[in-house]
Amino acid sequence: MTSTQLAPPATPTGTAPAVAVRGLGKSYGGRPVLDGLDLEVRRGECFALLGPNGAGKTTTIEVLEGVRRRDAGEVLVLGEDPAVAGRDWRARIGVVSQGEGAGQELSVRETLDHFAHYTATPRPTAELLAAVGLTEQAGTRVGRLSGGQRRRLAVALGVQGDPELVFLDEPTTGMDPAARRQFWQLVRDLRAGGTTVLLTTHYLDEAAELADRVGVVAGGRLVEVAAPAELGAELRRVATVRWREDGGWREVRTETPSLVLRDLLAAAPHEVPGLSVTRPGLEDVYLQLVGATQQGDPR
Amino acid sequence: MTAVLTDRPAPPSTARIALARTALELRLFGRERQQVVFAFAYPVVMMVIFASVLGDEERPGDIPFAQYFLAGIAATGIMLISFQAVGTAIATEREAGQLERLQVLGTPPAAYFAGKAGLVLVSVAAQLALLLPVARYGFDVPMPVDLAHWLTFGWVAALGALAGTVLGVAVSALPGSASSTTTAVSAFAIVLQFFSGVFFGFLELPGWMQQLSALLPLKWLTQGMRSAFLPEQAGAFEVAGGWEHGRTALVLVAWVIIGTVICVRTFRWRRAEG
């Protein structure tokens, strides 16, 4: 590269978290959107912020990107405070935003070629086009792209500068299933290349598919962080034993369904009608996590 | 997990991005036909209409109407391309989310403004290159008589375009939607033309109108243009009995400074927080 090589950073960047947030608070017009949110994203992982609309996901991402001021809390992104970090820091992060490129009348290739001027380390346009599956649309004007194609252009722009950390805010909203699958592969490729990915989504399957860890946001806080398979482990321990008795349904929620069954079967003279034992699926757990908070109780 | 090294080359300079922005603005300008037609056609169409209808009239000092009007409509064209076009373009780009992308890329605002200024300079030059021959060969309007008058024409046009550009950036920070900004800026620009002596002789305007417009740049831009296109003795029919080049430069520079201060204090990449 050129002569502007920097001295090695004082802290080893491989070990410090990519994102460290403590007690993040933000209100709009007196209405709190974020209320003491804590978050840690490790280097190299794909972390999904999952939550319903209005939970504060986008506001969180915008604070981390350094485009929105926070009211309270400590925030470090790649070791710097986004509120005061400069251009050198911005060069290390990538943002996939909802907004369009540089103009409706510009072609996809022209848009990428233009934005290549803003970074010292642009990935070649042809490589980006291939990575997001827009090679065939390279000559198409941005104004004529479909919603899904626009999103893919946004992704190409977000990773153009070869960032260490990429923010994806609801990246697949408005995509058809095929485009979504293709996009997921794109995120997996990014992560495989060592890029840290922080994405927001309100699709459970997307979080389960892509993320190493999922953080559930509700009521302006992070109410749970776990690997997708372990999300809501406590809630999932509770099984529901259900059967018919005296013409109606009986239901017992328990962490020890075997004991309940043993008693039930011992007391029954013959077959227990309609007997079932169920555990909540990922979606049930998620709805419980989110629903509990919306009623004012974080658990 | 591999440690990602952070020793990157420094981001491109403001000047390099400004150059890329200028190239982009020119390319987009060429593709947005409405804008091209509006910016280039308006002064020429006005010149043709007014000079054809009122061609026989004369302004004080035996100045043919077309000659007087060319100065005013040239000044108006500069104002439209700088103030009006820049103000509405920035409001529109902000609403479309294009400026958010520039913000997250860490684009220096100066590079963005420079791109706008670059577009204004090129399109002002192109517009004048179209208007002046129409006036010269269509309506026998004499061109500036010597190099000194051409130089006057040059600095007045450049200062006027610069003031218009920074004030366009400043006005784009007005709250409200892009379409409400467009309406407000257009209405203001139309009224200002009448106040500043573009269509009527400035001396024919009521005193309060003269005093009000003397606080704003267009009156001085128009007067400066007259000093380039009209014969020397016509200066006697100005408010001060002369061309007032010093004061013209002073007012325009003052507006450049005021506009720049407003830009620095109010410019934002995003719509106001909800």
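Let's start at Phe229(B), which touches Gln67(B), Leu70(B), Ala71(B), Leu132(B), Pro142(B), Met143(B), Pro144(B) and Phe153(B), leaving aside residues up to four places away in sequence; a touch, or contact, is heavy atoms within 4.5 Å. Keep in mind that this is a predicted model, where local features need pLDDT of at least 70, side-chain atom pairs count only at pLDDT 80 or more, and totals for chains, interfaces and linings use all residues. Side-chain values use heavy atoms, without hydrogens and water, and residues are numbered from 1 along each chain as its sequence is written, with chains lettered from A in the order in which they are written.

Now step back to the largest nonpolar core, with 125 residues; Phe229(B) is among those with the most contacts inside it, along with Met47(B), Leu70(B) and Met225(B). Such a core is a set of buried Ala, Val, Leu, Ile, Met, Phe, Trp, Tyr and Cys residues joined through side-chain atoms within 4.5 Å, buried being under 20% relative accessible area (1.4 Å probe, protein chains only). Helix 3 (residues 65–95) of chain B gives the most to this core, 16 residues; helices here are DSSP runs (H or I, at least four residues).

The bounds come from an automatic or database domain assignment.

How far apart are the C-alpha centres of these two domains of chain A? They lie 41 Å apart. Twelve residues of domain 1 of chain A are in contact with nine of domain 2 of chain A.

Note on methods:
Buried means under 20% relative accessible area, exposed over 50%, partly exposed in between (1.4 Å probe, protein chains only). Helices (H or I, at least four residues) and strands (E, at least two) are DSSP runs, numbered from the N terminus.
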